[in-house]
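Trainee: I've got a new model open and would like to learn how to read it. Can you walk me through it?

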Amino acid sequence: MKSTDLIDKLQNQSVMIKFTKLNGQSRVMKATLRLEVTEENPSKTRTRNPNSEFSQSNRYPEKNFTVWDIESEGWRTIRWKSITEVDGAKIHNGIEYVS
């Protein structure tokens with residue numbers, strides 16, 4: 001799977017993403033990029049918003065991307081290479097970034 005495939009999927013639906021955090025812990029997140037979901041909580045969308053000039057996704061798109069964590073109701077930044085599973089499908093060696 002490539003980064004563009006995952007972004008397309010996130011823009012159209014909720015996706016279960018399993019990844020390894022920087023501290024080595026494994027985490028499963030129900031994520032999306034659907035605007036109607038993120039705009040339901042406008043006060044919470046300011047922090048880490050991927051459209052913000054301070055977003056790590058904008059500064060280092062080849063390394064990170066930002067998604068809306070549906071259950072925690074906030075933006076989360078994930079490293080492409082840390083993803084181990086998408087909707088139950090195993091991912092080996094992370095997601096390949098494609099601009």
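Mentor: Let's start with the pairing: β2 and β3 run antiparallel and are joined by two bridges, and strands count as paired if DSSP finds at least two bridges between them. Helices (H or I, at least four residues) and strands (E, at least two) are DSSP runs, numbered from the N terminus. In β3, Trp68 stands opposite Thr32. A caution: this is a predicted model, where local features need pLDDT of at least 70, side-chain atom pairs count only at pLDDT 80 or more, and totals for chains, interfaces and linings use all residues. Residues are numbered from 1 along each chain as its sequence is written, and side-chain values use heavy atoms, with hydrogens and water left out.

Trainee: In what order do the six strands of the open sheet lie?

Mentor: The order is β4-β3-β2-β1-β5-β6, with antiparallel pairing. β4 and β6 (89-90) are at the edges with a single partner strand each, so one side of each has no neighbour in the sheet.

Trainee: Which residues touch the most other members of the largest nonpolar core?

Mentor: In soluble globular proteins, nonpolar side chains tend to be buried together. A nonpolar core is a set of buried Ala, Val, Leu, Ile, Met, Phe, Trp, Tyr and Cys residues joined through side-chain atoms within 4.5 Å; buried means under 20% relative accessible area with a 1.4 Å probe, protein chains only. Here the core has 19 residues, and Leu6, Leu10, Ile17, Phe65, Val67, Ile78 and Ile83 touch the most other members.

Trainee: What is Ile83 in contact with, beyond four places in sequence?

Mentor: Contact means heavy atoms within 4.5 Å. The partners of Ile83 include Leu6, Ile17, Phe65, Ile78 and Ile95.

Key: Buried means under 20% relative accessible area, exposed over 50%, partly exposed in between (1.4 Å probe, protein chains only).
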